[in-house]
Amino acid sequence: MPSALVFAKPDGKVSEAIHIVEYAAARPNSDEVLVEWLAAPISPVDLMVVVGKYPEKPKHSVNGEAIAGFDGVARVLTCGDQVESLKPGDLVVPNALGLGTWRTSAVLDAKDLLRIPTVTDVVMAALLKGAILPAYFLIEDMRTLRPGDWIIQNAATGVISQLVVQFAHLRGVKVISVVRDRQDVHLPALQNADIVLREPELPATDVLHGKRIVLGLDSVRKLYLEPWHIRQLRSAQWRGPCVMSLDEIQVSPQEDPGPDTRKFL
């Protein structure tokens, strides 16, 4: 019998809000497919949904209780007779928000699923839309990056930030990762970054001197950059929040203080 993690109403204590329920299996209608979920991550978005702080709400429920989970990867088991875009055995990821991925199986509209190539690492496939693709496009679309360029980013312990480091290195680009000044930050996990700094170290450090920093990625709306760190800020051609694109510069402590360099789109 299928089972799911559900919550009745938003609650600040996620562990107390969610619980497992079983429900009767269903057959897909003509434009639907039956899938089995192979892997589903627990992301900050998922937790925000459960506590009621995310604008998009779950679209599926069991006995009036919302099914949690926005990301994941599933295998198609059966298809309705009018479904042409998918077939049994295909791997799919959500093509819509709020599908309720924290369950063993689901009947979903075929249009709400996106077929992906067959892979053996289902954990990576489950992270494809929520982490891997955002990190990839941050590197590919924000600025034209060249070997020897530098990126500075905060929220460095996050999955996206760690993937940014890997994609940047494939391009010969180096990364300065900034972490919060907390005891629970596991710095060895960030060893792939070229430079790792704690937030209080950033304003006073001279490690930025002489580096061609061309892109800054701010996930917490605070990069702790002093005015002399940057000569000019140029907005990236992107509409997502908390990204700033730094003009191609050589950072020098002799730079005259300028206007506030923080820019959020």
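Modeller: V6 stands opposite I67 in strand 5. The model is predicted.

Now go along the chain past strand 5. F70 lies in the loop between strand 5 and strand 6. The structure holds three aromatic pairs, and F70 forms one of them with Y54. The pair is edge-to-face, with 5.9 Å centre to centre and 85 degrees between the planes. Y54 sits in the loop between helix 2 (44–50) and strand 4, so the pair ties together parts that are 16 residues apart in sequence. F70 is buried, because its relative accessible area is 4%, and buried means under 20%.

Strand 6 comes next, at residues 73–79. Strand 6 runs antiparallel to strand 7 (residues 91–94), and two bridges join them. R75 stands opposite L91 in strand 7. Strand 7 is also joined to strand 9 (residues 113–116), by four bridges. These two run antiparallel as well. Here V93 stands opposite L114 in strand 9.

R75 has another partner. Which residue forms a salt bridge with R75? E36 does, with the closest N and O atoms 3.2 Å apart. E36 lies in strand 3 (residues 32–39) and R75 in strand 6, so the pair ties together parts that are 39 residues apart in sequence. E36 is partly exposed, at 28% relative accessibility. R75 is partly exposed too, at 31%.

The count comes to seven salt bridges. Another of them joins K111 and D112, at 3.5 Å from N to O. Are these two residues buried or exposed? K111 is exposed, at 61% relative accessibility. D112 is buried, at 14%. D109 is linked with K111 and D112 in a network of salt bridges.

Y136, in helix 4 (residues 128–141), and F167, in helix 5, are 31 residues apart. They form an edge-to-face aromatic pair, 5.5 Å centre to centre with 75 degrees between the planes. Y136 is partly exposed, at 34% relative accessibility. Ring pairs link Y136, F137 and F167 into a cluster.

E140 is in helix 4 too. A salt bridge joins E140 to R171, with the closest N and O atoms 2.9 Å apart. R171 lies in the loop between helix 5 and strand 11 (174–179), so this pair ties together parts that are 31 residues apart in sequence. E140 is partly exposed at 30% relative accessibility, and R171 is partly exposed at 32%.

Stay with helix 5, residues 159–170, for S161. S161 is buried, with a relative accessible area of 5%. Leaving aside neighbours within four places in sequence, S161 is in contact with Q153, N154, A155 and A156.

One more side chain: the charged end of K211 sits over the ring of W150, 5.3 Å from its centre.

Finally, a word on confidence. The average pLDDT is 81, and 80% of the residues score at least 70. Over residues 226–265 the pLDDT is below 50. That stretch has 103 contacts in the model beyond near neighbours in sequence. Where pLDDT is low, the predicted coordinates should not be read in detail.

Note on methods. Residues are numbered from 1 along each chain as its sequence is written. Side-chain values use heavy atoms; hydrogens and water are left out. pLDDT is the predictor's confidence in each residue, from 0 to 100. Contact means heavy atoms within 4.5 Å. Two strands pair if DSSP finds at least two bridges between them. Buried means under 20% relative accessible area, exposed over 50%, partly exposed in between (1.4 Å probe, protein chains only). Rings of Phe, Tyr and Trp (its six-membered ring) pair if their centres lie within 6.5 Å; planes under 30 degrees apart count as stacked, over 60 as edge-to-face and the rest as tilted. A charge sits over a ring if NZ of Lys or CZ of Arg is within 6 Å of the ring centre and within 35 degrees of the ring normal. A salt bridge is a side-chain nitrogen of Lys or Arg within 4 Å of a carboxyl oxygen of Asp or Glu.
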